[in-house]
Amino acid sequence: GRLASYNDELAEQVVQQDILQQLVYSLSEQNRYYKKSAAFVLRSVAKHSPQLAQAVVDAGAVDQLVGCLEEFDPGVKEGAAWALGYIARHNGDLAQAVVDNGATHYLVLCVQEPELTLKRIAASTLSDIAKHSPELAQVVVDNGAINHLAPLITSSDAKLKRQVCQCLAQIAKHSVELAELVVEGEIFPKIFSLLKDLDDVVRKNAATCIREVAKHTPELAQLIVNAGGVGALVDYVHETSGNSR
């Protein structure tokens, strides 16, 4: 796994040696420690390129990884969700393969689990699915993601808030209808407080989420104004520099 993670040439070797099929075959049978390790290797291969991620898909890994999302052990679920995210993030076809195997439902369930790390990774993977197209974002929404992500804006965990804001932005960016659904998750005015968060990535992702809602129509922009967003955004611009601004 660590060799495959190091560079794409070593990951290619893992593919060419038919190790993937062995890993996938064993995912459904072995104990939880092996499942975690196998998910790590699959993630390490998939991260490098769409071609290597496709090789992981072609080996039948997605179905087995989705099965791991049903495991009792949160570490197994984390490993599987992470690997699915690395597959989905490359392009729409790979994200569709993850969706077609039923991952979205279980990822939304993972967001509801008590473990912070699992929540973060599940939110990140949902974002990796939603970003590609309105259709994929709609699948994420149809599985109840907004209702479970939006309340986490008030979490005390910075890394979780980063992922939640990013995922909501990736949903909202596609269309007026999806942006309105994000608004219905009652993110305003709560999200404005994140523009003053101690974590700079939280601040940036919150600002991006607000932008992705506001850009669609004058009515959505007006909603943000009415909720008190202008003052918060002006303060943010004054207090920020570089890319975030």
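This is a predicted model: local features need pLDDT of at least 70, side-chain atom pairs count only at pLDDT 80 or more; totals for chains, interfaces and linings use all residues.
**Salt bridges**

The structure holds eleven salt bridges, and three of them are set out below with the separation of their nitrogen and oxygen atoms.

| Salt bridge | N to O distance |
|---|---|
| Glu71 and Lys35 | 3.6 Å |
| Lys161 and Asp197 | 2.7 Å |
| Asp199 and Arg162 | 2.8 Å |

The side chains of Glu71 and Lys35 meet in a salt bridge. Because Glu71 sits in the loop between helix H6 (61–68) and helix H7 (74–88), while Lys35 belongs to helix H4 (residues 32–46), the pair ties together parts that are 36 residues apart in sequence. Lys35 is buried, its relative accessible area being 7%, whereas Glu71 counts as partly exposed at 26% relative accessibility.

In the salt bridge between Lys161 and Asp197, the lysine lies in helix H13 (residues 158–172) and the aspartate in the loop between helix H14 (176–184) and H15, so that this pair, too, ties together parts that are 36 residues apart in sequence. Both Lys161 and Asp197 are buried.

Asp199 forms a salt bridge with Arg162, and since Asp199 is placed in the loop between H14 and H15 and Arg162 in helix H13, the pair ties together parts that are 37 residues apart in sequence. Asp199 is buried, with a relative accessible area of 14%, while Arg162 counts as partly exposed at 24% relative accessibility. Elsewhere, salt bridges that share partners join Arg32, Lys36 and Asp73 into one network.

Helix H17 spans residues 229–239, and its buried residues are Gly229, Ala232 and Tyr236. These residues lie on the same side of H17, because they cover an arc of only 70 degrees around the axis.

Together with Val225 and Val234, Val230 forms a nonpolar patch on the surface, and the three valines have about 210 Å² of accessible area together.

Methods: Residues are numbered from 1 along each chain as its sequence is written. Side-chain values use heavy atoms; hydrogens and water are left out. Patches are made of residues with over 30% relative accessible area and no salt bridge: like charges are joined within 9 Å, nonpolar side chains (Val, Leu, Ile, Met, Phe, Trp, Tyr) within 5 Å. Accessible areas come from the Shrake-Rupley method with a 1.4 Å probe; for residues, only the protein chains shown count as cover. A salt bridge is a side-chain nitrogen of Lys or Arg within 4 Å of a carboxyl oxygen of Asp or Glu. Helices (H or I, at least four residues) and strands (E, at least two) are DSSP runs, numbered from the N terminus. Buried means under 20% relative accessible area, exposed over 50%, partly exposed in between (1.4 Å probe, protein chains only). The arc is that of the directions from the helix axis to the C-beta atoms.
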